[in-house]
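Please walk me through how the chains of this model meet. Start with the salt bridges, then move to area and residues.

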Amino acid sequence: MERPAPAAWQVDETGSGAAIYELAQQLYPICRSITGNGVRDTLRLLARCIPLETHEVATGTQVFDWTVPREWNIRDAYIKDPNGRRVVDFRQSNLHVVGYSTPVRTTLSLEELKKHIFTLPNQPDLIPYRTSYYAEFWGFCMAHNHLLELADGEYEVMIDSSLTDGSLTYGEFLHRGETEDEVLLSAHVCHPSLANDNCSGLALLTHFAETLAHRQTRYSYRFLFAPGTIGSITWLARNESMVDRIKHGLVVSCVGDGGGPTYKKSRRGDAQIDRAMTHVLRHASPKGSILDFSPYGYDERQYCSPGFDLPVGLFQRSQFGMFPEYHTSADNLDFIRPEHLEASYQMLAAAIDIIENNCSHINVNPKCEPQLGRRGLYTAIGGDKDAPAKSMAMLWVLNLSDGKHKLLDIAEQAGIPFAMIREAAELLSENGLLSRANFRP
Amino acid sequence: MERPAPAAWQVDETGSGAAIYELAQQLYPICRSITGNGVRDTLRLLARCIPLETHEVATGTQVFDWTVPREWNIRDAYIKDPNGRRVVDFRQSNLHVVGYSTPVRTTLSLEELKKHIFTLPNQPDLIPYRTSYYAEFWGFCMAHNHLLELADGEYEVMIDSSLTDGSLTYGEFLHRGETEDEVLLSAHVCHPSLANDNCSGLALLTHFAETLAHRQTRYSYRFLFAPGTIGSITWLARNESMVDRIKHGLVVSCVGDGGGPTYKKSRRGDAQIDRAMTHVLRHASPKGSILDFSPYGYDERQYCSPGFDLPVGLFQRSQFGMFPEYHTSADNLDFIRPEHLEASYQMLAAAIDIIENNCSHINVNPKCEPQLGRRGLYTAIGGDKDAPAKSMAMLWVLNLSDGKHKLLDIAEQAGIPFAMIREAAELLSENGLLSRANFRP
Amino acid sequence: MERPAPAAWQVDETGSGAAIYELAQQLYPICRSITGNGVRDTLRLLARCIPLETHEVATGTQVFDWTVPREWNIRDAYIKDPNGRRVVDFRQSNLHVVGYSTPVRTTLSLEELKKHIFTLPNQPDLIPYRTSYYAEFWGFCMAHNHLLELADGEYEVMIDSSLTDGSLTYGEFLHRGETEDEVLLSAHVCHPSLANDNCSGLALLTHFAETLAHRQTRYSYRFLFAPGTIGSITWLARNESMVDRIKHGLVVSCVGDGGGPTYKKSRRGDAQIDRAMTHVLRHASPKGSILDFSPYGYDERQYCSPGFDLPVGLFQRSQFGMFPEYHTSADNLDFIRPEHLEASYQMLAAAIDIIENNCSHINVNPKCEPQLGRRGLYTAIGGDKDAPAKSMAMLWVLNLSDGKHKLLDIAEQAGIPFAMIREAAELLSENGLLSRANFRP
């Protein structure tokens, strides 16, 4: 059965950037970790936009080589100087407390205290982001210059946290398409007040899911919002039997800054998502970087472990670890901008356009060119500043529509954006010059 | 049966350039189009050199998706200014009339007239070349500066043309070789007074055919002189059952200027003609460009349509559309030079040398090197300034003559011109060190 | 049966360079040629270090297309000027006599004498190295400036050499490993006082053999010290039936200067030794060059002739013929340095480390990453400046240990030196995270 060609994704949706930024703003203040109420509060915010399903997995559950850890919650924390002033205050920035810090209430000398304090001597005005999930520890993070100002004396430290049996929380939303074949879109939900890493990814995917919910698609789309590493491992352990449905996927993080864009390929290296993202980035920006897979990064580490080897890549603007704001208090709401979120959204949409529409056609007049002028196909595009490119797109589609080339193959060989090639194929099909072939090769 | 190795094509034929240029000079003044007496006059000139067979295909004949158009002929045309002076005169340049202009005889204001006039504001002293084959229209082309000089007033325009049922004309010459496998060499015959595009190609191929007629060749060579697009489509439609014989081919146009050389690959991209031309251009000039196939250009568009997919590339000096003289009155007899035609001829000949002689041999002493010195093969080439290169050529031929490498493979791997590799193989064969293997892999 | 992983070859063996240099110093004064007592003296020196087996092959023996030549020996040679002074003296440099010069004792004018003298006008203070193995001739080599100083007059020339039936001599040492599969390491033994070409190669391979003799290895190692061209041809002719055992090989020459390093690939181009040496050079130096095979060079010409096509490459520092000292008296003991010999030794050892240890493993927890922290594998390497690289090495080994990737594949994909990847695999194996797969694919 012929399915009507889906509309292009690269529509002019003015305001996507603003809407994504607004959601990121709401997510930013929450103190998230790999478990706890911060994650639940975050998922509740996302659930206002999309019908998110929330899962709780009990502490102690075995997930492959790992065990779901105890649940961590924190209410308050501070360091008081000898005069009783809160010189470090969790209420001012949740980065001040090392993630998963055990509760503590004690008084100790500055020298002793320093064993529990992390700073960035090379970025002395920024607070670092640190965690200690699997080794029991308590600690604080603060600006190096701030630490230097502290006088000797006895300091009172207090961390009102709890580390107890509970559960790990993640959220999932499945948009059902025509088939059960799935596209996995995954963002980590475990970082506290870091705007780019990953309020940006959570907000962008949520907005994308919201738009998608109103469309008919070929694939089903699974959105996963889970804590990094242990969250994706948990999800994979609980969904092992259905991962074969995942035909394409992206991990999305750090998509709000003005760097990049960066795409890190899946372990397979030549998966369709790899080719689609490479194509999109090549046409989106001369600054784009395409990186080969490496086993260090975000949750693609788990999706691309050898026992799964899923076709899942990583989409970012600046590459993680390569921008100075990374994992510091400078990764704040000034660091991400609506226009960058908008551009990232368009790139994601363009890649999905390829995934959805990458089929092959058969030229029904394969011997010599058909006479396009007689059918008004040259004049159809006259006056259009893209007319020469659109004519070339038609000639390329006709020349390569031999059943061996899909539209992405044609776009790559022609050096023309996929959307223009797809539109040329639609125009030629409407004029009876192409017949649709199967999506599958 | 052993066939004697054909002599190298790259012989020093002083005067080829001059002879080709002289023929191009004779072709230049004729007003050609895709049909009509200009084409017939052109073919008659070529037939003085080679036994050309001329074909006439009636107007209205269906050729794939196209129909052979009415025949166009023109005798005279002019624009007279209010004072009765011929300010635009077909007799001075046949570019002045838009190709396939319908007959007209009227008087109209300058403003009305301008709707029928084409100029090049950015090249204000040149007359453009324009046609309107499939939309009924009449028009003139002139220098932009010339147009600016025209005063307001009533202008008399006259085009004494006819557009009537008749026929499309093309010429063909088949040089029979030892086999029925064919090399197709094709040049378009439809442009009026444009020296490079394509008096140069017509003259060069005719001269090449003339030389070839006196030689024994492995392949048969088919020379086709037909109008662009509709001519090659017509030929393919009438010869559909025999195109499988075509093993290699070249479209030849714009081979008289000093740019390039340029080779555009066949749709296959790795056909033997693609490798041969790439090899020839690499050794001929550091300025050479090898372009991937694209579905825009000359008649390779038809030969390489997906239903035929013939191994036919395009050989040019400057690439069409990329030199400022292209499709203007500056593409005249000063723009092409005998020395460039000579060089183009040598490149074509070098490619045919490869096509004719690309066989593999078997080293009869494959274990360790044979002792060349004992056979005088080192001293045989002493005193020769190419001696080190010739020694290397012998070592390469010996090392790779294992039945898996043809001479072009060896030339490519060695980075040595094919002719020198072929000569080394001949010398080694004469000394009993190689036995000839099959031409086919 | 599990074999314990061999220790790394890249151990810190301070003094290897000094020991190799000392042996090269001893070899340097000997007047070697393709036959004769110089070769025997050389092999006797090597036999002090390793249990070398010496072979004598009689003059006239047919070896493939060649014949073992007469044996050449020389005792003294000089040119005396009109005053009876030895102006050219073999005792000062054995380069003064053209190799294989026939005996002569005569007096002749300077002009006549010059027909027998070779100089280097562009390097006027250096004595060239020349031979005439297969054409009977006598001659001298001297510095061009020295020649210019000679006054007219009668000169007495004397070469006390002999060219008689005798034998060709080569030496061989086989270190037996666990299997009969062999690694061939070959150095030419035929050049007189040229330190880099090839006292360096002879000394380096001898020292390597000495070290190897004390180790248990997977492969057997065959060391061959034979005259260039005729020696390797003779060896191949006498060992034709066993060459299939040779799985990897290197010709080693000119490894004592500070240039390069240079590796010329085997004819196969993608043999394991080609990949191993490419990997080693890439990590050893930014100045490294990897050259494709060509049929000109050292004994790889014979090993890689099409009838054998053995996986044998050429390892050098500066490429032969490309350094100004090549084949002149400037290739002396000042031109080679212990530190360069040491570095060359380490590169050879690193390549052998790859050849010996390039196996694949199976990740026993292939679904998601195993929890390395729980096993102390992150802290195991804490404080180590290479810790981040070692962690990455572990992640790469885990990710690619799917039975399809060997350690060299992993090292190449990771861009991490093989030894670090091998060590990571050993650490993971010790922790039960990997099981060893077969060496063979």
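A salt bridge here is a side-chain nitrogen of Lys or Arg within 4 Å of a carboxyl oxygen of Asp or Glu. The model is predicted. By that rule, 5 salt bridges cross the interface of chain C and chain A. One of them joins Arg267(A) to Asp402(C). Their closest N and O atoms are 2.9 Å apart.

Chain C and chain A share 13 residue pairs in polar contact, both residues at pLDDT 80 or more. On the chain C side, α10 (387-400) and β18 (402-406) each supply at least two of the residues that touch chain A. α10(C) gives the most, with 6 residues. By class, this side of chain C has 9 nonpolar, 5 polar and 5 charged residues.

Now the extent of the contact. It takes 19 residues of chain C and 19 residues of chain A. The two chains bury about 1,700 Å² between them, 53% of it on carbon and sulfur atoms. Lys367(C), Cys368(C) and Glu369(C) supply 39% of the area that chain C buries against chain A, more than any other three residues.

Turn to chain B and chain C. Their contact takes 19 residues from each chain. They bury about 1,700 Å² between them. Lys367(B), Cys368(B) and Glu369(B) supply 39% of the area that chain B buries against chain C. The interface of chain B and chain C has 5 salt bridges. Lys367(B) pairs with Glu240(C) in a salt bridge, with the closest N and O atoms 2.3 Å apart. α10(B) gives the most to the side of chain B that touches chain C, with 6 residues.

Definitions and conventions:
Residues numbered from 1 in each chain as written. Chains lettered and ligands numbered in written order. Predicted model: local features only at pLDDT ≥ 70, side-chain atom pairs only at ≥ 80, totals over all residues. Heavy atoms only, no water. Contact = heavy atoms within 4.5 Å. Buried area = accessible area lost by both parts, 1.4 Å probe. Polar contact = N/O pair within 3.5 Å; in protein donor to acceptor, adjacent residues only side chain to side chain. Helix = DSSP H or I, 4+ residues; strand = E, 2+ residues; numbered from the N terminus. Nonpolar A, V, L, I, M, F, W, Y, C, P; charged D, E, K, R; others polar.
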